[in-house]
Amino acid sequence: MQRPSSMQVADRQLQDSGLRHARMLLALAFIVAIALMTSGCVTADIEQVRHSATGVERGERIVILARQHHNSHEAEDDFMQCVGNALERGGRGLEIASRKDFLNGLYPWFEPATAPLTAEELPALLARPGVAEQLTLTGVRYVVWMDGMTDRVDGGGSLACAISPAGGGCFGLGWWETDSKYEAAIWDLKTFDQAGTISTDYTGRSVVPAVVIPIPFIARTQANACRGMADQLHEFLVVGDAPIG
Amino acid sequence: MTQSACQYGVGGRSLRGCSGIAALLLVIASTAGCTSTGLVEVETSFPAPLVESLPLRAGVFFPEELRGFTHSETIPQHSQWHFELGGASIELFNPVFSALFDQVTLLEQLPAGEQAAYLDLIVAPQLERFEFDIPRNRDVKFVEVWMQYRLYVYTPDGTPIAEWPVTGYGKSPASGSMPRNSLHDATVRAMREAGATISIRFASQPDVRDWLQEKSNAKTIVNAGG
């Protein structure tokens, strides 16, 4: 059997190397295409129910509190901060009261175990010595009870990374689905009733394809839910003469 | 084993590789079987409760066991935790009792001695139990804290009026495998709940209520008598 010359070996190696590069590029294109097709999309479901007319007058403030009596979930601090900041921003920004100051000033009446669960309990609470006066001091007219959380509901794929003295890299495709589901109940302390509820549900799939370098495509459901909730709350509170129903 | 691999290595390159492997093995050996340790020193101030005060002069005694209360617990193959709750308990009770009673005198010792003559009752809280849990799988998202105080209530001469266990529960979203801040937050929530219970329900505790009733009746008789 004739042995290949060194030129032939070099040619073969060049061809193999080119083939490997082409295959890698094809794989990368395929993974990126799948990632683009399946990620970046966030689907939203928003509902608003109004029971009574609203409106914010000068000096009236809003406090956003988390419902804490469930064992399984609780609205995250940063989510509520995000909604508060979004409501405060802009030319028609609303005045948001500090959650900590509100809870400390009205301690122990808004703790998880003692907070009223329905707006019907408000008159009895305000009849307690000092409570109505303290509420007046805070300037809060609307209490927004935030319930819900962002949760990872599904995930899959396979992403492997390796490192060696020669270098490192990752290969594969990982994905996960997050669901940011929140409900805000708006209580009017002037009329002692629940003015309405707003619920937002944002789901999205994040994908991380990797051919040597991982490229994340993150579905930012919580950030979207924050924007959606803040827009709805602003509209609900400010456009108070909207039709009821 | 590392050493023998080094001996058979050729040149400086192999020796450098060996020292890297040795360092890696050293790190693995030093961390294998170890658990992380976390210290939760609860340092916060608590608000004064917005409640109507009882027309009573109370003496408050903080026992040494409460002042220096600590709790240490090891979660097998996970972590070790040490809680310091004495200072925070005093920070909790000071505003609670100040709001609950018309006058509050801090007592250095029990029996109260001469100070007792000016008091209607003496309250001495103890921290009896402290428990916590941290998530060890993905489905659990919160750290939880449960604690139980016991309030001993006496007349100034030391006769027991009531012994009331008060519980507090707090949870907080967990972050990372050593959720120190979450545990701190959950502990503060549990303490706030215990404080809320005391400030709202103290006067309606059956033994305290009966004693208040007796005291009120006695006052009425004294006033009627002249």
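1. A salt bridge is taken here as a side-chain nitrogen of Lys or Arg within 4 Å of a carboxyl oxygen of Asp or Glu. By that criterion, Asp120(B) and Lys215(B) are joined through their side chains, with an N to O distance of 3.1 Å. The structure is a predicted model, in which local features need pLDDT of at least 70 and side-chain atom pairs count only at pLDDT 80 or more, while totals for chains, interfaces and linings use all residues. Residues are numbered from 1 along each chain as its sequence is written, chains are lettered from A and ligands numbered from 1 in the order in which they are written, and side-chain values use heavy atoms, with hydrogens and water left out.

2. The Asp120(B)–Lys215(B) pair links distant parts of the chain, its members being 95 residues apart. Asp120(B) lies in the loop between strand S5 (101–107) and strand S6 (121–133) of chain B, and Lys215(B) in helix H6 (residues 206–225) of chain B. Helices (H or I, at least four residues) and strands (E, at least two) are DSSP runs, numbered from the N terminus. Accessibility is classed as buried under 20% relative accessible area, exposed over 50% and partly exposed in between, with a 1.4 Å probe and protein chains only. Asp120(B) is buried, at 11%, whereas Lys215(B) is partly exposed, at 28%.

3. Chain B as a whole has six helices and eight strands. Their order along the sequence is α-α-β-β-α-β-β-α-β-β-β-β-α-α. Of the 226 residues in chain B, 41% are buried. Contact means heavy atoms within 4.5 Å. Among contacts in chain B between residues at least 6 apart in sequence, 69% join residues at least 24 apart.

4. An open sheet of three strands in chain B has the order S1-S4-S3, with mixed pairing; two strands pair if DSSP finds at least two bridges between them. Its edge strands, S1 (36–41) and S3 (70–75) of chain B, each pair on one side only. Axes are lines fitted to C-alpha atoms, for helices over the stretch in contact, and angles run from 0 to 180 degrees between N-to-C directions.

5. Within that sheet, S3(B) and strand S4 (residues 79–84) of chain B are antiparallel and share six bridges. In S4(B), Phe83(B) is the bridge partner of His71(B). Helix H5 (residues 180–201) of chain B packs on the sheet and touches S1 and S4 of chain B; the direction of the helix makes about 35° with that of S1(B).

6. Helix H5 of chain B also holds Arg189(B) and Asp185(B), four residues apart, about one turn of the helix. An α-helix has 3.6 residues a turn, so residues three or four places apart point the same way. The two side chains meet in a salt bridge, N to O 3.6 Å. Arg189(B) is buried, with a relative accessible area of 15%, and Asp185(B) is partly exposed, at 28%.

7. Arg189(B) has a further salt bridge, to Glu74(A), the closest N and O atoms being 3.0 Å apart. Glu74(A) is buried, as is Arg189(B).

8. Across the interface, 22 residues of chain B are in contact with 23 residues of chain A. The chains bury about 1800 Å² between them, 55% of it on carbon and sulfur atoms. Buried area is the accessible area (1.4 Å probe) that two parts lose on being put together, summed over both. Leu50(B), Lys171(B) and Arg192(B) supply 34% of the area that chain B buries against chain A, more than any other three residues.

9. In chain A, helix H6 (residues 221–238) has 18 residues and should span 26 Å at 1.5 Å a residue; its end C-alpha atoms are 25 Å apart, which agrees. The expected span is 1.5 Å times one less than the number of residues. Buried residues of H6(A) include Cys226(A), Met229(A), Leu233(A) and Phe236(A). The buried residues of this helix pack against strands S1 (42–50), S2 (61–66), S4 (140–164), S5 (167–188) and S6 (193–214) and helix H2 (77–88) of chain A.

10. Leu237(A), in helix H6 of chain A, counts as buried at 0% relative accessibility. Leaving aside neighbours within four places in sequence, Leu237(A) is in contact with residues including Val56(A), Ile62(A), Leu94(A) and Ile186(A). Leu237(A) and Ile62(A) are 175 residues apart in sequence, and their C-alpha atoms are 9.6 Å apart in space.
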